[in-house]
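Please read this briefing alongside the sequence and the 3D view. The points are grouped by topic.

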Amino acid sequence: MKLLNVSGSPHVHSGESVKRIMWDVNIALIPMLLTAILFFGFDALFVCLVSVVSCILFQWLIEKFLLKTPTSISDGSAIVTGLLLAFNLPSNLPLWIVIIGALVAIGIGKMSFGGLGKNPFNPALVGRVFLLISFPVQMTTWPTPKGICNIFAGSTPDAVIGATPLAAFKEAVKSGATNFDLPSFADAFLGHMGGSLGEISALAIIIGGIYLLCRRVISWHIPVSFIGTAFVFGAILWLVNPQMYMDPVHVILSGGIMLGAVFMATDMVTSPMSKWGQVVFGIGCGLLTIIIRNWGSYPEGVSFAILLMNACVPLINKGFKPKRFAK
Amino acid sequence: MSNFIVSAIVILGAVGLIFAVVLYFVAQKFKVIEDPKIDEIAEVLPGANCGGCGKAGCRALAEAFVKQGDMEGLRCPAGGDAVAEKVAAILGIEASKAEPQVAVIRCAAGCAKNPPKSSFQGMKSCAFANSVYVGTNGCAYGCLGLGDCYNVCQFGAIALDPETGYPTIDEEKCVGCGACAKACPRMVIELRNKGPKNRRMYVSCVNKEKGAAAKKTCTNACIGCGKCAKTCPFEAITVENNVAYIDYTKCKLCRKCESECPTGAIVSVNFPPRKPAAEAPAKSAEQPAPAAAPKQDESTVINNENTTNNA
Amino acid sequence: MRTFRLGGVHPEENKISTNAKIEVFPLPKQAVVFLSQHLGAPAVPVVAKGDSVKTGQLIAKAEAFVCANIHSPVTGTVNKIDSMKDIFGFSKTAIVIDVAETEEWVETVDTTPDIKRDITLSQKEIVDKIKEMGIVGLGGATFPTHIKYMIPEGKKAEYLLINAAECEPYLTSDHRVILDHTEEVLIGISILRKALGVPKAYIGIENNKPEPIARLQEMAKQFEGIEVVPLKVKYPQGAEKQLIYSITRRSVPSGKLPIDVGCVVNNIGTAFSVYEAVQKNKPLIETIMTVTGKSLGQQQHNYVVRIGTPFSDLANAIGGIPENTCKIISGGTMMGKAIVNPDGPITKGVSSMLFISEKEAYRHEEQDCIRCGKCVKACPMGLEPYLFSSLINNGKYKEAADNHLMDCMECGCCLFSCPAHKPLTDEIRLAKTKLRQMQQKK
């Protein structure tokens, strides 16, 4: 007989593992990958592939040669970072810029803090913001999505350069126009509009989000409070002056709010622990996003808002403790 | 353009000047007057913050030295006499000498004679394991082999056997701060005088079980038979709770007890081999100078281990 | 369905031995009876080497306040009073009795199978009887029962709660006691209710035991003031504070006892032994144990075993320890303790012997915390295990205590749900021990 094993209680485990959580996130990202390919063609797939492969490669290189620790690639977290980074990029971005983004995301955003679990900021967003500031032109020109039929017809993807609804709106407001050319609600919901790979289709994001909710990888607190705050704040501004501000439905459907609220802000490592802490975090993200969108120099503020709130997480964790028994 | 540069220089210069003045007055106002001796002493202390002196860290000890003005009851065990002299010089007093000490692990559980009887999973902490069960080798008194001592050692003097997890002490690196002895939940580690030419004798067992039970637990156990106590010409050995203990202040290192011990629980370190056909490589024993060549660290450890196993 | 509010997990129930009726386990050859089988000070032996003892005879007396009498579980002669190894390998003082061939009970004990229904003793006499018969809580903590019934001045008991939740996976001894001894258990509860002088007793029972619930509800109609409360299946439903909240909606504040909110909680097994003690004069010399494990196949048993019987006897009875056993656990898989020495004896309050295979028990390699907050969600006390972990690993025990570390009851929900497999419960348990030591030094 084998030696008897001893450990403290409990002697059984739920079967949860870091690996399972990361692969769940990867699975939840698949609908968005598919919509991205549908709307932007195989360019989108290349951006995703390059991003994922370079994230894995950089993590392996850093662990092998700089940290000299056993590699942890199999936990799937590098793939999550790679996919999320790609989803925040335009599909026509030169691939060498994608590789730089991956290096910054993994190298600076994650490994410099000690790897998975220790990074205070969402690595994919660190990568994206770095690229946004370093390569503003490439990062803000989006190809207009083709119709679904075009892909199957095999027509050449003539890169029609267009702006996202947010950028177009900002330009229009600046120039004093009162007639905004916003996509229809159905287009905005399904994703038939300009934008980064992953952020266009609210439907795909919601499908992924529901999967994550069912698998208990995320809870409803951050997405609901984030989107809810953006909606309410946007609605107030719109009611005050519909000429200056976008209507709230477009506010939450365009740009990265859906993607940010469901996949970026809910990143376990960089979000608060307690339920109320998560609600506060979500509200903060929502407020900052709208503020940056309307009064900042960038048309989109989700990345900045989430990164700023990431910095507040230790404080939120201190201030919003979970409710204790009999308290 | 030049106007622009001039105004920039002037404004920045003015701002800098104002801040400098404000900072100067604030620094004066909140100046902490501290005895410069504290800094000086803290400088000569090892700076490992091992806690061997009983204070929170090296600076706390330096403060205590200066506050007290003498060295009565205060000592840096890690630094030893060399540091004590430097501190005394700073304080302007005579240094008191103390015998250098070294940590000794009074358990031979890592040896091949005592194979593991169970396995352990969970928090790698001896203190925790001690609250859960008896230990992988089945001894309720001996080393648990999870490295609490290794974790607290600030001087890299403890090495863990990669297979069994049992510690060995590198006596060249050990400064006798006693942090490991405090960390050990079973009080297996003891500080003992280094002894003349680094030669020491001790009972390598703390098992308080009665003879037969102890022997069943571990072949190397002290069974409390008292043969050693009877043999000892200097009354250095006492048997209490079924365990013999050699008082290092009385022991004259005659090694008579070692050959009497039926289980080999008494260990002698750094002695030359008894017979020409030496069982233990006696490299370091032949040249037991404390200021050792760099290579000697390793051989000392090996020697120490072998003595334990072959004794 | 009533339940507690915060946290909780749902481990696989694995109640595979529910259909095994309680069998009487044969006497051992030698009984090893520890002097310390309960929370508190050890009892003092009143027999000496060579004395012959009868079954049920007092062999060690409680001298301290928190202590319980110990009676001989067998008939025979005292071989020695010496330190013996317990199931964890530690040596403790024990009375070792060589078992005689014929069993002889102490005359006062009523060994007939008849059920005695009339409660003749007064309130005080009942408590004295419980004390005399050495009854301790059989829920696992082995706290001497009579102390719970000595209500401190200025406090008033309002409810008697009987814990039949049996929220631990695998365990079925409470389940079987209810089915096989329904009436005795209910009489026991009536006795406890009288001892406490409260009008109402509630039996809290998890909803995964439909048969016992039906049986209890049916029988309870014949008894006054006993109500069966089915509870949601959620671990740790049977923890004292959680059970009180589930049934009465009262919360026991941090550092307080159930009596501070007017409640007294007893295990259902204790109620059964109280019945035997008060009505039959039978001291606590037996315990009902589940012997189970997935690898045992059809060999699932519930035994009534004499205290002092070695665990290995049970293992032999089911045909030896199964080949793929990695752990033997005394108690449930969530809070039970792993055994290293199966030759150690059964003590009061032991409720099971589980054989767990490597696949079930294996602890995975520890990884870095990914701050997922699953431990916070799972904690039924609303604590932050991830925070404790980092504080404890940096030696900041005091700060951990400031974050209410001492409220932890070591239920294991945090470690159970941690995806990074951090030994959270281990760390917390260590810190609690260290903090208690620090307090004692002061």
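**Surface charge**

A patch of positive charge on the surface brings together Lys323(A), Arg2(C), Arg5(C) and Arg249(C). The model shown here is predicted. The points below take up one of these residues, then chain C as a whole, and then Gly50(C).

**Arg249(C) in the patch**

- Arg249(C) is one of the residues in the positive patch.
- In chain C, Arg249(C) sits in the loop that runs between helix 6 (240-248) and strand 12 (263-267).
- The relative accessible area of Arg249(C) is 46%, and a residue counts as exposed only when over 50%, so Arg249(C) is classed as partly exposed.

**Chain C as a whole**

- Chain C contains 14 helices and 17 strands.
- Chain C has a radius of gyration of 21 Å, close to the 22 Å that the globule rule gives for 442 residues, and is therefore as compact as a globular protein of that length.
- The C-alpha trace of chain C spans about 65 × 50 × 50 Å along its principal axes.
- Of the 442 residues in chain C, 61% are buried, where buried means under 20% relative accessible area.

**Gly50(C)**

- The loop between strand 3 (44-45) and strand 4 (52-53) of chain C holds Gly50(C).
- Gly50(C) has a relative accessible area of 51%; the cut-off for exposed is over 50%, so Gly50(C) counts as exposed.
- Gly50(C) and Ser390(C) are 340 residues apart along the chain, and 55 Å separates their C-alpha atoms.

Key. Residues are numbered from 1 along each chain as its sequence is written. Chains are lettered from A and ligands numbered from 1 in the order in which they are written. This is a predicted model: local features need pLDDT of at least 70, side-chain atom pairs count only at pLDDT 80 or more; totals for chains, interfaces and linings use all residues. Side-chain values use heavy atoms; hydrogens and water are left out. Patches are made of residues with over 30% relative accessible area and no salt bridge: like charges are joined within 9 Å, nonpolar side chains (Val, Leu, Ile, Met, Phe, Trp, Tyr) within 5 Å. Accessible areas come from the Shrake-Rupley method with a 1.4 Å probe; for residues, only the protein chains shown count as cover. A salt bridge is a side-chain nitrogen of Lys or Arg within 4 Å of a carboxyl oxygen of Asp or Glu. Lys and Arg count as positive and Asp and Glu as negative; His and the chain ends are not counted. The place of a charge is taken as NZ of Lys, CZ of Arg, CG of Asp or CD of Glu. Helices (H or I, at least four residues) and strands (E, at least two) are DSSP runs, numbered from the N terminus. Buried means under 20% relative accessible area, exposed over 50%, partly exposed in between (1.4 Å probe, protein chains only). The radius of gyration is taken over C-alpha atoms; the globule rule is 2.2 Å times the number of residues to the power 0.38.
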